[in-house]
Amino acid sequence: MKINQRGFSLIELMMTLALMSILLVLGIPSFQAVVKANRLIAANNDMIGSLNLSRSYAIKENIRVTLCKSQDGVACADAGGWDQGWIVFTDQNNNAAYDVGGERLLLIQAQLGGGVAMVGDTQLEKYISYVPRGNTQLTSGAIQTGAIVTCDQGGGVGRRLRIAPTGRVQAAKETGCS
């Protein structure tokens, strides 16, 4: 009487494990690139959401609304990049600094983390301020335009947010990350 046994032989099992390990070794680095790209996109989306909130609130409430870098969620920071976090507030006295007693805090964005660096150019280095017409404006009254670049601290391709004179935000890829 012959018994039919079903299953894998030891050689078949070893070959399957070898193929799976090769596929994992090849697949993990590309998966890490996807994770990095998603972190950059998420950081950009957080900033775009904050900018859109600021612009729409300034138009709707007919008041100046400002974003500034902030580590603690209370005071504006002069040093560092936007990756340390930021706050959005009504800027009734037009000084680009959050005054706890007299101005309304609209949003607190925590530190980005995950190896993401976010830096603004000269006009967007410290704050971004929207006026009731919906455009960005420095506290001096000059038009505020520029870009914020988001990069992975390991280098590679990043993301660029450009703020137009009208206050609208445009996103694009950035190849100058180092």
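Me: How exposed is E61, in terms of relative accessible area?
Reply: This is a predicted model, in which local features need pLDDT of at least 70, side-chain atom pairs count only at pLDDT 80 or more, and totals for chains, interfaces and linings use all residues. Buried means under 20% relative accessible area, exposed over 50%, and partly exposed in between (1.4 Å probe, protein chains only). E61 counts as partly exposed, because its relative accessible area is 38%.

Me: Which residue forms a salt bridge with E61?
Reply: Side chains of opposite charge can pair when their charged atoms come close. A salt bridge here is a side-chain nitrogen of Lys or Arg within 4 Å of a carboxyl oxygen of Asp or Glu. The closest N and O atoms are 3.9 Å apart, and the residue bridged to E61 is K60.

Me: How many salt bridges are found in the whole structure?
Reply: Besides E61 with K60, the side chains of E174 and R160 meet at 2.6 Å, N to O. Those of D152 and K36 also meet, at 3.7 Å, N to O. A search of the whole structure gives a total of three.

Me: How many residues apart are D152 and K36?
Reply: D152 is buried at a relative accessible area of 8%, whereas K36 is partly exposed at 40%. Their side chains form a salt bridge. This pair links distant parts of the chain, D152 in strand β6 (residues 146-152) and K36 in helix α1 (residues 10-61), with a separation of 116 residues.

Me: Is E174 buried or exposed?
Reply: E174 forms a salt bridge with R160. E174 lies in strand β8 (residues 169-177) and R160 in strand β7 (residues 156-163), so the pair ties together parts 14 residues apart in sequence. R160 is partly exposed, at 23%. With a relative accessible area of 12%, E174 is buried.

Me: What kind of aromatic pair do W82 and W86 form?
Reply: Rings of Phe, Tyr and Trp (its six-membered ring) pair if their centres lie within 6.5 Å; planes under 30 degrees apart count as stacked, over 60 as edge-to-face and the rest as tilted. The structure holds two such pairs. The rings of W82 and W86 have centres 6.3 Å apart and planes at 70°, so the pair is edge-to-face.

Me: And what kind of pair do F89 and Y98 make?
Reply: W82 and W86 are both buried, and F89 and Y98 are buried too. The rings of F89 and Y98 have their centres 5.5 Å apart and their planes at 55°, so the pair is tilted.

Me: In which strand does L107 sit?
Reply: L107 is partly exposed, with a relative accessible area of 26%. Contact means heavy atoms within 4.5 Å, and, leaving aside residues up to four places away in sequence, L107 touches S50, L53, W86, I87 and V88. Residues 105-109 form the strand that holds L107, namely β3.

Me: What pattern does the protein follow along the sequence?
Reply: Residues are numbered from 1 along each chain as its sequence is written, and side-chain values use heavy atoms, with hydrogens and water left out. The secondary structure comes to one helix and eight strands. Read along the sequence, the pattern is α-β-β-β-β-β-β-β-β.

Key
Helices (H or I, at least four residues) and strands (E, at least two) are DSSP runs, numbered from the N terminus.
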